[in-house]
Structures are given as C-alpha cells and as structure tokens.
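Hi,

Here is the structure I promised to pass on. Have a look, and my notes follow below.

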Amino acid sequence: MTAAEDPASPNNGLSDVYASPSMTTRAPRAHFPLHEEDPRDVYQLVNDELMLDGVARMNLATFCTTWVEPEVRQLMADSLEKNIIDKDEYPQTAELESRCVHMLADLFNSPDAARTMGTSTTGSSEAAMLGGLAAKWRWKANRIAAGRSTASPNFVCGPVQVCWEKFGRYFDVETRQVPMNEQYVMTPEEAVAQCDENTIAVVVTFGQTFTGLFENVSAISAALDDLQERTGLDVPIHVDAASGGFVAPFCAAEIEWDFRLPRVKSINASGHKTGLAPIGSGWVIWRERADLPDELVFNVNYLGGEMATFNLNFSRPGGKVISSYYLFLRLGREGYRNIQAATYQVAQHLASGIAALGRCELVFGGDPSLGIPAVTWKLGVGEHAHNLFDLAEELRTRGWLVPAYTLPAGQDAVVVQRIIVRHGFSIDMADLLLEDMRRGMAKLDDRPPSRKLTDAEGAGFHHDAVPAVAAEPVTR
Ligand SMILES: Cc1ncc(COP(=O)(O)O)c(C=O)c1O
C-alpha cells in the first residue's frame, strides 16, 4: 500500500499538499530516498524549488529557444518515448531526420544536397566535434598516403565557443586560437599565419558568441586559396554557424559563407538556437558524401537493413528532429525570413535605444549583414559612477538577465553587455527593458555603489566553462 492509499496516512489524498510528509520534512539532498511518496506532493515540491530559476524568456543571455508554438509542444509530448537511434522501430522519425539533413544541405547550398551526408545532434557542441573529427580523419588519411607523420594535428580559429577548446582537448588536437583583435573577429591574415602542414582545418565562427559578429568566411577562404597557390597547403574550412546558419540564408542571402565556397567542407548549426526548435537540437552537414570519412560511420538496423549513424551519443530524443521537420514545413524560407527579420528589427530598436542612453558605445548593433540578431555594447570612454556588472545586477532585480562579461584574451580589458534577441522577444518587451535600463542607470547615478563590482563578483554569467586543469603548453 502506498502512503496515498493508506487511510491512516496524513497523505491519503484528502490532506492538504503542504501538510503532507513530503512537505513537512526536509527534502533529501544527498542520500537516495528509502520510500516512495505521493506524486502530487512531490510534484509540488519540485515545482516550488524551480521557482528559484529565472524566467526563460527574460534570459537575454541564452541563444536557445524559449518560445515555441503549441503544435511544437504537442509534437514533443507525442514523441516523448521515441528514441532516435531505434531506426528500425521508428523508421518514419529516421526518414524525417534524413529529409531535414537534405533540406539543410540545400539551404546551405551543397552541390549535392540530395545525396550528401549529415546528422542531427544534441546541439552545436556535438555537431562541432563531429565536424572536427571528420577533418582530423581526412587530414590523417592524406598524411598517411603521403608517408608523413600524423602525430601533431592542429586546428586554427579565432575567439571560439568553449566546445572547440573541448574538441581540441578531448580529441588531442592542438587548438591554435588567434587572440581577439580590435575588430573582435579573426582576420584572414591571422588565420593563414597559424596554418601549417598539420592544420586539419580553420574553424570560422559565423555568429561569434562574444559579440554576435560574423567572421568573414569568404575572405578567409580566399586567403587559404592564396596560401595553397603559394605553398601547396590545402587547408579546409569548417564553419561554426551555431546561430548564423539559420539567419543569414533568410536575411542576408548575399553573404557567401556556406558550401558556395568549395573550401567549406562541413557546417554545424544549432536547431535549438535560431533554428527555433526546442533545446537539444543541432545539425552537422558535410559538403559532399566524400567529405565524411567512412571510419566515422557505424550502421544500425533500419527496416531489416542498415542505416549509417555517426554521433557521439547513442540514445537521443526523437522529438527535436520531429519538431524541426514541422518547423521547416510550417515556416519555409518565407516564414523563417519573417521571424528573423522581426528579431533583427527588435535588435536594432534596442541598439538605438541603448545608444540614446548616452553613455554606451555599440560593439554590434544587429545589422543582418554583419552578425546575428543581437546587440553588444560597452561603456563609452570617461568616468562612470558604475560599470556594466553593476548595471547587470540592477537589471536582475527586475528579472532580466543581461550578461556583462570581459572579452577573451587580446581584448580582456574590455567589458561588454550583450542581448541575444530571440523569437518571442517583442518591441514592447524591448521597450520595457530599455525603461528598466534607464531607471537602473538613474538609480546607480543617484546612489552610486560604494565600490564597483569586479569581474569575478559580477560575472554571474559565463560563456566559457573554465578547464579544471590548465592545458599543457604546446611546444612547437
Ligand atoms: C558559435 C557557437 N558554437 C557552438 C556553441 C555551442 O552550442 P550548443 O550549446 O548548441 O552545444 C555555441 C553556443 O552558444 C556558439 O555560440
């Protein structure tokens, strides 16, 4: 008999939830509970704890989806128990994944969109690692064929998201990260200067995490063409289009950043960022079938036959892929363009509002030809009664999460604040935020902090997971 069924129990379904044993004793924290409890009471307990979390849609730090249509929620609920790896059991989910891969290859201008390879992933991190691994295996095959050493692979990048530092460390590839310059994005000259015969790829970020700016893929590609002409080194490009991949095709189609450039061999994009799918959705697509080395492919059962898989995970939820297929069909190019154009419009509205506050200097103002729908700013030169960490804390009192952080090595004296404008953030909400910024600054002017917050105190938000153990120095 469970506690709920026991008429002698205070928790027999008649008692108030807050008078139940679950609520009148401390919730277990470090020991595995001995007994079962009533689901109603435990649900309430868990739900109450979660009140301490912020409101997702007011979290302007995240790139990830925080608003979806009811149909997406329904499809997610309908597919709760579908495991994407069970291709034989759920062949139609597998079919939808395959259709999404080819649709994305088409969107990214693959010369062989109908036949090339790609896969869904848990996010851009897994997708980036698969792109990096494929580059490593292609490089290794070429080196073995040439009778050269495969001992010291490296990859070259500008200021990247931490997934690339993880890739380097987990898969033993030297990370040659160009420090951030005053333009904030890696230049073609900086990229080329780091390349040598052991470079598996240059990773170009199309929608930089720290500022929102696009790195210039076509200029870096042209510089690598020139390097090949001069030295014979043929260095491929992987584009990390985690957030740029689902905006530029719709709002800045003229930018050549994708498979239109023959040197671009693979692209990762986050379905759960500008792709508008629920969290847990990423994609990696290869230019052509031959760009994905066979060594990375494993086969699983599929309708009595075999189907290729190449993921770091085995079991994964199918709902993210199903919702992505829904979104591609529901929105098409027109719908994505409408949504992303609206987010850029809000970003630009915020940018002019922030500039009008009179003390901030824009780093990026949400121009679709330069970056993703985001706004990034720093304090202008001169003395200020507060810094951006203080302002971020002030905004927190109204529920807004607008991160302040120092830029990466090279520009680490610069503190910026950044807003990622996502589907579901309206002009009206932007105006409420601007009003709170105005009010917060006025309060900080009126009652200046006795001491400004430091980076360590103020940075409740971090882009980067800091490695527990520093990397070993690389000897070249
Ligand atoms: C440029 C870039 N690459 C990769 C990632 C990691 O993506 P995910 O969170 O989907 O693993 C991010 C996340 O913000 C990013 O901005």
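Let me start with the ligand: helix α5 (residues 124–145) supplies the largest share of the shell around it, three residues. Helices here are DSSP runs of H or I, at least four residues, and strands are runs of E, at least two, numbered from the N terminus. In total 15 residues surround the ligand, with G123, S124, S125, Q161 and A242 the closest (near means a C-beta atom, placed from the backbone, within 6 Å). By type, the shell has four nonpolar residues, ten polar and one charged (Ala, Val, Leu, Ile, Met, Phe, Trp, Tyr, Cys and Pro count as nonpolar, Asp, Glu, Lys and Arg as charged, the others, Gly among them, as polar).

Before you go further: this is a predicted model, where local features need pLDDT of at least 70 and side-chain atom pairs pLDDT 80 or more, while totals for chains, interfaces and linings use all residues. Numbering runs from 1 along each chain as its sequence is written.

As for the chain overall, it has 13 helices and 13 strands. The C-alpha atoms fill a box of roughly 80 × 70 × 50 Å along the principal axes.

Then there is V239, which touches V204, F206, V217, W257, D258, V264 and I267, leaving aside residues up to four places away in sequence (contact means C-beta atoms, placed from the backbone, within 7 Å). Contacts between residues at least 6 apart in sequence are 70% made up of pairs at least 24 apart.

Cheers

Methods:
Contact = placed C-beta atoms within 7 Å.
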